[in-house]
Amino acid sequence: MRFGVISDVHANAVALRAVLDDMPPVDGLLCAGDVVGYGPAPGECVDELAGRDVASVSGNHDRAVVTDTAFRFNDMARAGVEYAREQLTDAQLSWLADLPTERRECDGYVKLVHGHPDDPDHYTRTHEFSPTLLRGEAVLVMGHTHVQHHETYDEGVVMNPGSVGQPRDGDSRAAYAVLDMDDGTVEERRVEYDIRRVQEQVREAGLPERIGSRLEDGR
């Protein structure tokens, strides 16, 4: 089986559509959380994933929206959470609220979390990748850092597909990955999208301008 793997969409519908259009044929889609937050199109992103029945987990921004909590967010993150809370319908909020913090797919061989297997809010940096993160599954999928990376060990694969909507690894292109369960490989992929259009949407939504401007350098 082949899975398209995404994470950290962050209400960037333009980037999400570019990723879905670019993605090769797969048997299913997996999302490691943070569908909303920061960006200007939370409803479109929720509808896209819900409509495709994407196997998703909850990210910290998703939880902040549905629990009326801003955690220790900066002004940009807090604004995105408040905007999403105002824009989402009851049905969209319900979909977000029902997301678990972890889930297993592909008969338990693939585990999805947002931050870390032991702490959904922990940023698992690339230097922390190790086979000890695997707890019996063949593949562990994490998000949260917005940095695309994967490592293959004798015990299995630890991967982060990168961020669809707000990359932070110096590459402004939307990030995702294709996981092939038959041969245990991960193909990291990037795709261009219309950043200017997203910046216009940020301004139209009245969100902090930095949410859009930072997309240009992938930081």
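**Entry 1**

I looked up Glu204 and found it exposed, at 60% relative accessibility. My cut-offs: buried is under 20% relative accessible area, exposed is over 50%, and partly exposed lies in between, with a 1.4 Å probe and protein chains only. The model is a predicted one, where local features need pLDDT of at least 70, side-chain atom pairs count only at pLDDT 80 or more, and totals for chains, interfaces and linings use all residues. Residues are numbered from 1 along each chain as its sequence is written, and side-chain values use heavy atoms, with hydrogens and water left out.

The side chain of Glu204 forms a salt bridge with that of Arg197 at 3.7 Å, N to O. For a salt bridge I require a side-chain nitrogen of Lys or Arg within 4 Å of a carboxyl oxygen of Asp or Glu. Arg197 also meets Glu200 in a salt bridge, at 3.1 Å, N to O. Glu200 and Arg197 both sit in helix H6 (residues 195-205), three residues apart, which is about one turn of the helix. I take helices (H or I, at least four residues) and strands (E, at least two) as DSSP runs, numbered from the N terminus. Glu200 is partly exposed at 35%. Arg197 is partly exposed at 32%.

**Entry 1: Arg190 and Asp169**

Next I checked the salt bridges across the structure, which holds 15 of them. Side chains of opposite charge can pair when their charged atoms come close. One is Arg190 with Asp169, at 2.9 Å, N to O. This pair links distant parts of the chain, 21 residues apart. Arg190 is in strand S10 (residues 185-191), and Asp169 is in the loop between strand S8 (156-160) and strand S9 (174-180). Arg190 counts as buried at 15% relative accessibility. Asp169 counts as partly exposed at 25%. I also noted a network of salt bridges that links Asp169, Asp171, Arg173 and Arg190.

**Entry 2: nonpolar cores**

I then searched for nonpolar cores: sets of buried Ala, Val, Leu, Ile, Met, Phe, Trp, Tyr and Cys residues joined through side-chain atoms within 4.5 Å. The largest has 44 residues. Those with the most contacts inside it are Ile6, Leu16, Val19, Val35, Val36, Leu96 and Tyr193. Elements that give two or more residues to this core include helix H1 (13-22), helix H2 (42-51), helix H4 (75-87) and H6. H1 gives the most, with seven residues. A second, separate core has 16 residues, among them Leu30, Val57, Leu112 and Leu179.

I listed the contacts of Val36, counting heavy atoms within 4.5 Å. Setting aside residues up to four places away in sequence, its partners include His10, Pro42, Val46, His61, Val65, Leu88 and Leu96.

How many of the eight residues of H3 are buried? Six are, so H3 is largely enclosed by the rest of the structure. The buried ones are Asn60, His61, Asp62, Arg63, Ala64 and Val65. They pack against H4 and helix H5 (90-97). Asp68 follows H3 and has a positive phi, near 55°.

I found Ser58 in the loop between strand S3 (55-56) and H3. Ser58 is buried, with a relative accessible area of 2%. Leaving aside neighbours within four places in sequence, Ser58 contacts Gly33, Arg63, Leu99, Pro100, Thr101 and His114. I also checked Ser58 against Cys31: they are 27 residues apart in sequence and 9.0 Å apart in space, C-alpha to C-alpha.

**Entry 3: pocket and cavity**

I worked on a 1 Å grid over the protein atoms alone; a cavity is a set of points where a 1.4 Å probe fits but cannot get out, and a pocket is an open set with protein on both sides within 12 Å along at least five of seven lines. Lining residues have an atom within 4 Å of a point. Points are joined across faces, edges and corners, and a volume is the space filled by probe spheres set on them.

The largest pocket has a volume of about 320 Å³. Its lining has 17 residues, with Asn60, Arg72, Phe73, Tyr123 and His144 nearest its centre. By class, that lining has five nonpolar, six polar and six charged residues. I count Ala, Val, Leu, Ile, Met, Phe, Trp, Tyr, Cys and Pro as nonpolar, Asp, Glu, Lys and Arg as charged, and the others, Gly among them, as polar.

My search of the whole structure found one cavity of 30 Å³ or more. The largest cavity holds about 50 Å³ of space. Its lining includes His10, Asn12, Tyr38, Pro40, Gln166 and Leu215. That lining divides into five nonpolar, five polar and no charged residues.
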